[in-house]
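Reader: I would like a close look at one part of this protein, the nonpolar core and the aromatic rings around it. Please take me through it step by step.

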Amino acid sequence: MVTAVRHLGPNWYASVMGTAALALGGAALGADGPRELFVGIWALSLLQLLVLLAARALHWACHRDQALAHLRDPAVAPFYGCLAMALLAVGAGALALGRDWIGGPAAVALDSVLFVAGTAVGLVAAVAVPYLLAVRHRVEPGQAAPAWLLPLVAPMVSAAVGPQLVPHLPPGQLRETLLYGCFALFGLSLLTTLLMLTLVFARLVTRGPLPLALTPTIFLVLGPLGQSTTATGAFADLAPGVVPAPYAAGFGLLAVLYGVPVMGFALLWLALATAHVVRARRHGMRFAMTWWAFTFPVGTCVTGAAALGRHTGLAVYDWLAVGLYGLLAAGWLAAASGTVRGLLSGELLAAPRPAPAAPRPVTVRTTSGAVR
């Protein structure tokens, strides 16, 4: 077991995020029939989280050299944002769905613990990873990758799921502080994400498509778009009675005036990302853990569309949420089946394959004496 976890990176938390997104997206649709199914999916995400936390603790205890190497690798370090988002997503699912199984008080306690832990980890990652990119990693502009968004999106997840704890606090200052604190996390994440997104887009249009294995990560851009729309909807849901009336009404306006155009951009990016993936499949893209990028980012668009449906009253957003959930379910099935096959074969936990060495140049002398 100790040897098996040597190459277990922080990117594995994406599988927890994807499973929790499948549960939360289903809950957001408001379908009462399959609610028990969504509760079961959330329970699976909780089990995944517990197993991964234990495995990663063993990784740090027994393979500290490899863990530190992950932090020094600009391609791996950004995935520490996935730890924060996994904690937050499972915590949100506890209150939205888990209460049916573990009871209300236990669900509130579990969500509170995971929210505090996830927010703390997310804030550390949002500072530490960009700092390492600037000071230790020394990356080139052409190395910009969608994964760089991961640590910056984590505070946005806190902003989106934190408001659901507001009703469980005593009325007054504590409720208002939590709501405004989540709004501050919204701004923190939004502005830093916009800065990083320009680098990612510039890399795509100036350096060409990503390597085949990394192509699914283009879907990660949907994360901050859908999650910020979800967050503004949550602010509007909880603001009445918590903040003064003018500000409560302002949150309601923000949910629509911000959410509608951002969801439009998300749909555009979804089409662009899908085109890149179709191209990559035609060129031989095989399964990799990056396929989990098909899940959580799309899940945030499901909850974002559902929030717009609530606040605009337009059925088109409800149908959009249903359509996106179908895409999320298909992505989860593809990623989960590939992960199970990779675990059974041992391929996913094996050491990375070394890059093939370039052939040595061969010098040939012709009969004329020329060298080729």
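Author: This is a predicted model. Start with the core. The largest nonpolar core holds 111 residues. Those with the most contacts inside it are Met85, Val90, Leu179, Phe219, Leu222 and Phe235. Helix 4, residues 80-102, gives this core its largest share, 14 residues.

Take Met85 next. Set aside its neighbours within four places in sequence. Met85 is then in contact with Met17, Leu150, Val153, Ala154, Val157 and Phe296.

Now go to Phe235, another of the residues with the most contacts inside the core. Phe235 has a relative accessibility of 0%, so it counts as buried, the cut-off being under 20%. Phe235 also belongs to an aromatic cluster, together with Phe183, Phe186, Phe251 and Tyr258.

Aromatic pairs come next. The whole structure has 13 of them. In one, the ring centres of Phe183 and Phe235 lie 5.5 Å apart. Their planes meet at 75 degrees, so this pair is edge-to-face; the cut-off for that class is over 60 degrees. The pair links distant parts of the chain. Phe183 sits in helix 7 (residues 173-207), and Phe235 sits in helix 8 (residues 222-238). The two residues are 52 apart. Phe235 is buried, whereas Phe183 is partly exposed, with a relative accessible area of 30%.

Trp269 is buried, at 3% relative accessibility. Phe201 is partly exposed, at 41%.

Finally, look at helix 2. Helix 2 covers residues 35-62, 28 residues in total. From first C-alpha to last, helix 2 reaches 41 Å. That is close to the 40 Å expected at 1.5 Å a residue. Its buried residues include Phe38, Val39, Ile41, Trp42, Leu46, Leu49, Leu52 and Ala55. Ser45, Gln48, Arg56 and His59 of helix 2 are buried too. What covers them? The cover over the buried residues of helix 2 includes helix 1 (13-28), helix 3 (64-72) and helix 5 (104-137). Helix 11 (315-345) is also part of that cover.

Note on methods: Residues are numbered from 1 along each chain as its sequence is written. This is a predicted model: local features need pLDDT of at least 70, side-chain atom pairs count only at pLDDT 80 or more; totals for chains, interfaces and linings use all residues. Side-chain values use heavy atoms; hydrogens and water are left out. Rings of Phe, Tyr and Trp (its six-membered ring) pair if their centres lie within 6.5 Å; planes under 30 degrees apart count as stacked, over 60 as edge-to-face and the rest as tilted. Helices (H or I, at least four residues) and strands (E, at least two) are DSSP runs, numbered from the N terminus. Buried means under 20% relative accessible area, exposed over 50%, partly exposed in between (1.4 Å probe, protein chains only). A nonpolar core is a set of buried Ala, Val, Leu, Ile, Met, Phe, Trp, Tyr and Cys residues joined through side-chain atoms within 4.5 Å. Contact means heavy atoms within 4.5 Å. The expected span of a helix is 1.5 Å times one less than its number of residues.
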